[in-house]
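Reader: I would like to go through the strand pairing in this structure. Can we take it one question at a time?

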Amino acid sequence: MKIFSSKTLLQVLVWLFIFVFFFSVISQHRDTLESFYMSLYITVSFYLVHWVTAKFLFPIYLKDRKLYLYVSIVTILLFSAVFFSIEYFLLPDSPPNNDPEKQSHLFHIIRNIITSAMVFFVTVSFELMEHTKKLTESEKMLTEEKLQTELKLLKAQINPHFIFNALNNIYSLTYMKSSNAPESVLKLSEMLRYVFYDCSKDRVSLSAEISYIENYNAFQQMKSEFSQNICFATDITGGNIEIAPMLFIPFIENAFKYSRIEENENAFVRMEMNSNAEGLKFRIENSVATKNKPSSGSGMGICNVKQRLDIIYPGQYDLNIEEEKDVFVVELKLTL
């Protein structure tokens, strides 16, 4: 069981150091018992200034700085007067009464003001540091909560967007009375299982994501009577890699959408995925129908991916989207 926190232990050591310091200085001129009491008095008086400043004055500073200035000055003067009175009336061997250099009482009052002010300003400095640290931690926590909330909203957009496209595909197959319609429903159920169960996690295995893409490509292939020119090549090394789910699907959806591959036998969609222990590279290129050209980075899905990348892989990704003649190219590199 932890009795003292590290912060409390540090404070105890600091005050013990102050006591030992004054005891070692005073003991050079006075006997041991007298040095002990004098050192204890100084340490306690310093601690009292510190405690009042930390518990009462600093909270005023956070609320009303103008009031804080007046209250602080009055408090320091009050402490100084109290300490001088204690030294003069209750400690007969203290400096005001037993001063070898016979310095005036005003000198000792000023000495008390300076020492009280010194303890006051040191305490305020440390309290400001602690307050700034707490604000930074609080801001960091709020930022993380905001990012997590935003990420959940972005992930939530994936599911209805996918279902909308999938149902459109099944509708097209059913409308054309395609023999692939029953199989497409079965494929859809497999894909929905992945979307609703596996994709609820923050990370999925790369192999599961690849299987989903392969199912998606097969689902797309069913929309045409002819064999669509869809190519998906993978070269995966580097062990069990995990990534954010549904990261590549918006690019694949766009490729199929703008190539109109289910209508044009000359259209194509080519995908490559390479990975190793250090990173992952995904590249997809598609032909673009003349009257169906996208703008760079267009579409809700692409914006969604960019936002998710900024949250999940800040400074760890490189995304390039460009058009080369009648070919649209997307290349995404992730540092893992």
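Author: This is a predicted model.

Reader: Which residue of β7 does E285 stand opposite?

Author: E285 belongs to β5, where it is also the bridge partner of R270. Towards β7, the residue opposite E285 is V329.

Reader: How many bridges join strand β4 to β5?

Author: β4 (residues 268–275) and β5 run antiparallel. A hairpin of three residues connects them, and N274 has K281 in β5 as its bridge partner. The number of bridges joining β4 to β5 is seven.

Reader: In what order do the five strands lie in the open sheet?

Author: The pairing in this sheet is mixed. β2 (229–236) and β6 (317–324) are the edge strands, each pairing on one side only. From one strand to the next the twist averages 5 degrees. The order is β2-β4-β5-β7-β6.

Reader: At about what angle does helix α7 run to β5?

Author: Helix α6 (residues 206–221) packs on the sheet, where it touches β2, β4 and β5. Helix α7 (residues 249–259) lies across β2, β4, β5, β6 and β7. Its direction relative to β5 is about 10 degrees.

Reader: Is E190 buried, partly exposed or exposed?

Author: E190 sits in helix α5 (residues 181–196). Buried would require under 20% relative accessible area and exposed over 50%. E190 has 32%, so it is partly exposed.

Definitions and conventions:
Residues numbered from 1 in each chain as written. Predicted model: local features only at pLDDT ≥ 70, side-chain atom pairs only at ≥ 80, totals over all residues. Heavy atoms only, no water. Pairing = 2+ DSSP bridges. Helix = DSSP H or I, 4+ residues; strand = E, 2+ residues; numbered from the N terminus. Buried < 20%, exposed > 50% of the residue type's maximum accessible area, 1.4 Å probe, protein only. Axes fitted to C-alpha atoms, helices over the stretch in contact; angles between N-to-C directions. Contact = heavy atoms within 4.5 Å.
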